[in-house]
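Work through these exercises on charged side-chain pairs. Try each task before you read its solution.

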Amino acid sequence: MSFTGDWSVNWDIFRAEYEDYVLVTGTAEKDKKIQAATLRSVMGSECRHVYRHNLNLSVAAEQTDIRMRAMDMSTTSPPYTEAVHAVAKQHSRQNQWKQSNPPRTGDTGLVQFTIQDVLKVEHAQPGALTKEQLINKYRNVFNSPVESVPGEVHFDLDPNVPAVQSAPRNVPIAMKAAVKAQLDKYEADGHIAPVTDPTDWISNMCKLDYESSLMTTFWTPWGRKRWLKLPFGVSVAPEVYQRKQHELLAGLKGIEPIADDILVVGCGDTDKEAESDHDAKLVALMERCREVKLRLGLKKLQFKVAEVQFHGHILSSAGLKPDPEKSYDLRVIYKPGPEMFISDTLSRATAGCAGRGTVYQRHAICSLQQEQEDVQHVNQADYLNVSSQRLEQIRRHTDRDECLQALKNTVLVGWPDVKEEAPLIAREYWPFRDEISVQNGILFRGQKVIIPKSLRPEMLTRIHSSHIGGEACYRHAQETLYWPNMQTEIKDFVSTCSTCNVYAHNQQKETMLSHDLPTRPWQILSMDMFTHRQKDYLLIVDHYSDFWEIELLPDMSAETVIKRCKAQFARHGQPERVITDNGPQFTSQFTRFASEWEFEHVTSSPRHPKANGKAESAVKIAKNLLRKAAHDGDDPWKAILHWRNTPTENMGSSPAQRLMSRRLKTSIPATNKLLEPVVVVGVTEKLRHRKQLAKSFYDRSARDLPELEVGETVRMKPLPGDNTGRWRVGTCLRRVAPRSYLVDVDGSLYRRNRVDLRVAEPTARATHKTEGPEAAHAPEAASAPETAVEAPPTVTEPSPVRSTPKALSSPVGAPPSDGHTYTRVGRLSKPPLRFTM
């Protein structure tokens with residue numbers, strides 16, 4: 001229906017068109033509610049506005065005229081009678097204006113009414129506002145779809161917080177239809193929108209800007225969606241909504257919004273004035289809500305109540321009082337100070353309350369006098385599993401102990417208020433002075449006996465009689481005994497026990513110490529010998545590329561090993577440094593070979609394979625490949641070829657690429673472009689990162705041991721095959737390399753790592769006499785730094801890589817300084833004594 005021109009003519013036209021529409025669609029045969037809804041839908045937005053806000057008439061003549069028109073139209077279309085009231089009212093007003101204002105010269109006699117004119121004419125109805133009137137007049141405020149309040153919200157994120165993309169949740173089959181319907185409703189109402197572009201945030205209602213709405217993207221079984229309105233769960237949502245609500249309702253008197261509640265208060269000298277003021281403020285609130293499209297919940301409406309519960313309070317004409325549903329019922333009774341027994345005692349006010357009467361004396365529950373009366377009947381010795389002779393011994397030694405006598409006197413007289421006023425000799429007992437008591441000449445700390453200084457050595461011996469560890473000894477003793485620094489003295493006593501040191505456990509591992517980082521292929525090598533299926537092999541591994549060569553040895557002689565090394569060096573070039581263990585193949589003959597081929601030969605401590613961990617790790621890989629190839633009956637060299645051509649994890653290249661700058665052709669198809677030579681760059685930096693990562697994990701449970709001094713008495717870890725498990729006493733002769741020492745044990749010289757040597761206890765130092773050669777043994781080759789676990793050249797995961805500062809104790813190729821011969825494990829080799837005539 002058009003609202004321009006003459007409304008009466010427009011209504012007649014609309015009525016004729018609507019009657020045809022009803023006839024064609026069969027609407028007249030349907031339920032009355034459906035007929036009325038159909039009429040409202042085709043009336044148009046302006047007509048619906050008039051229909052909703054102009055039903056109450058205030059002029060009897062207009063009502064009569066409207067009723068006549070309504071009756072005239074109700075014969076054919078009764079459902080839209082209410083709509084006729086609104087339109088007919090406007091028509092009657094036009095006729096009244098025309099009769100009272102006849103046309104003048106130059107005046108057309110035509111008046112055009114707008115919606116604003118109607119709203120000005122239709123003022124508040126006489127009488128009190130009812131709930132039904134409020135709901136009918138502002139039905140759109142309560143029932144219309146939720147819309148965004150003015151303005152947009154933008155999210156500012158901490159740049160240090162990484163984006164999160166959660167996986168979509170599984171929706172049960174039985175719930176999928178309901179979930180899909182709800183999502184479709186949200187999308188139709190303009191709350192969410194589908195997302196097709198990539199988003200950084202995917203998570204499992206004020207309006208959001210586009211950038212912020214992408215941060216609220218969430219997964220559904222039907223694709224990704226994003227919120228167009230500020231959703232629940234966002235930390236700033238309550239604060240933003242509260243601020244927006246205050247902004248939208250600013251300037252309205254008697255309106256108090258808190259969270260999602262709005263309180264309307266009417267004021268006046270009489271109930272009628274207060275109700276009238278309330279109605280005016282409520283209408284102003286509803287008009288503002290309609291204007292800014294703020295929707296209210298009809299279920300929460302409390303209309304003209306005498307009192308209302310509002311955020312923990314009850315508001316009424318009588319004033320403000322607490323809400324009993326959200327408050328605690330406390331009974332407060334006044335008591336004079338002397339009758340506040342517990343608080344008086346805690347405030348140390350008992351001394352000043354003497355003479356307060358029998359009530360106070362009867363309830364002085366914490367007084368010192370009462371405590372003494374309760375304790376004096378308890379004999380603490382009865383609770384100790386100690387003989388009377390031992391108690392008498394403790395009492396005698398306590399009487400002779402100067403410190404305990406001063407402590408005893410202080411306890412009996414009373415401790416001063418400040419520590420500085422206590423006797424100097426007894427101040428170490430100040431922190432627990434309230435626990436100390438005296439009974440029968442013996443001092444107690446709680447239920448523990450305080451041991452005099454002269455008896456402590458005997459007690460330490462008794463505590464450690466079973467030779468358990470220091471912590472275990474302290475746990476056993478702390479239940480019944482006490483003296484200052486008892487835990488420290490027990491640990492020191494256990495550490496000096498000869499029996500415990502002879503049968504000691506292995507020492508804790510030290511932090512990782514690595515070799516230097518190589519800067520080019522075949523610069524630093526590690527070698528080791530191993531046996532597989534009764535065959536001997538030599539393995540050479542490159543620290544830069546992790547590429548290793550393997551040689552089958554007909555025998556284990558030094559000459560054979562040197563020949564195999566020369567063949568590899570002729571193929572790949574001379575290295576700068578070769579790291580080996582102290583095997584018999586790597587002694588004086590190999591030292592001369594190193595001198596001739598101009599490379600540095602570095603050896604590690606015997607019985608410490610971690611120092612040559614690079615080779616040890618490569619041996620494990622080689623043995624594993626040979627074992628699996630033999631099991632399947634495959635060619636082991638093909639397995640080695642594939643391993644050399646497989647890219648190493650976190651390196652981006654294979655061992656062959658890093659050594660030869662090219663991929664190797666295998667049975668796996670590859671284009672010619674891939675087989676062309678390409679130099680791999682950035683290897684050293686990746687090795688450094690892998691080494692740092694491995695060291696950070698390894699060092700978490702490691703600590704360095706103090707260095708040994710030359711001439712210091714030590715104990716050496718049992719030799720392999722020594723079933724006694726005894727750490728033998730020896731003397732440290734010299735430091736061969738970092739964490740590697742030469743020691744003399746029972747006349748034989750051994751080179752050992754620091755973890756295999758422990759400082760001897762004082763008793764062993766006093767009784768030990770050095771035997772054997774006094775001169776230190778100079779190693780046949782430079783010595784490797786003793787390190788932690790070596791990084792294996794594997795393609796599975798990065799492991800600790802070993803390589804750092806070299807520290808050499810003698811020049812390359814230096815012969816033994818004393819002319820003696822030493823075994824592989826470093827023991828001095830002596831010729832047998834022969835009988836001669």
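Predicted model: local features only at pLDDT ≥ 70, side-chain atom pairs only at ≥ 80, totals over all residues.

Residues are numbered from 1 along each chain as its sequence is written, and side-chain values use heavy atoms, with hydrogens and water left out.

**Exercise 1.** State how many salt bridges the structure holds.

Solution. Start with the criterion: a side-chain nitrogen of Lys or Arg lies within 4 Å of a carboxyl oxygen of Asp or Glu. The structure holds 25 such salt bridges.

**Exercise 2.** Describe the pair Lys304 and Glu275.

Solution. Take the distance: N to O is 2.9 Å, a salt bridge. Lys304 sits in the loop between helix 12 (271–292) and strand 6 (307–310), and Glu275 sits in helix 12. Helices (H or I, at least four residues) and strands (E, at least two) are DSSP runs, numbered from the N terminus. The pair is 29 residues apart and links distant parts of the chain. Lys304 is partly exposed at 29% relative accessible area (buried is under 20%, exposed over 50%, partly exposed in between; 1.4 Å probe, protein chains only). Glu275 is also partly exposed, at 32%.

**Exercise 3.** Work out what separates Glu392 and Arg395 along their helix.

Solution. Their side chains form a salt bridge at 2.4 Å, N to O. Both lie in helix 16 (residues 388–400). They are three residues apart, so about one helical turn separates them. Glu392 is partly exposed at 33%, and Arg395 is partly exposed at 22%.
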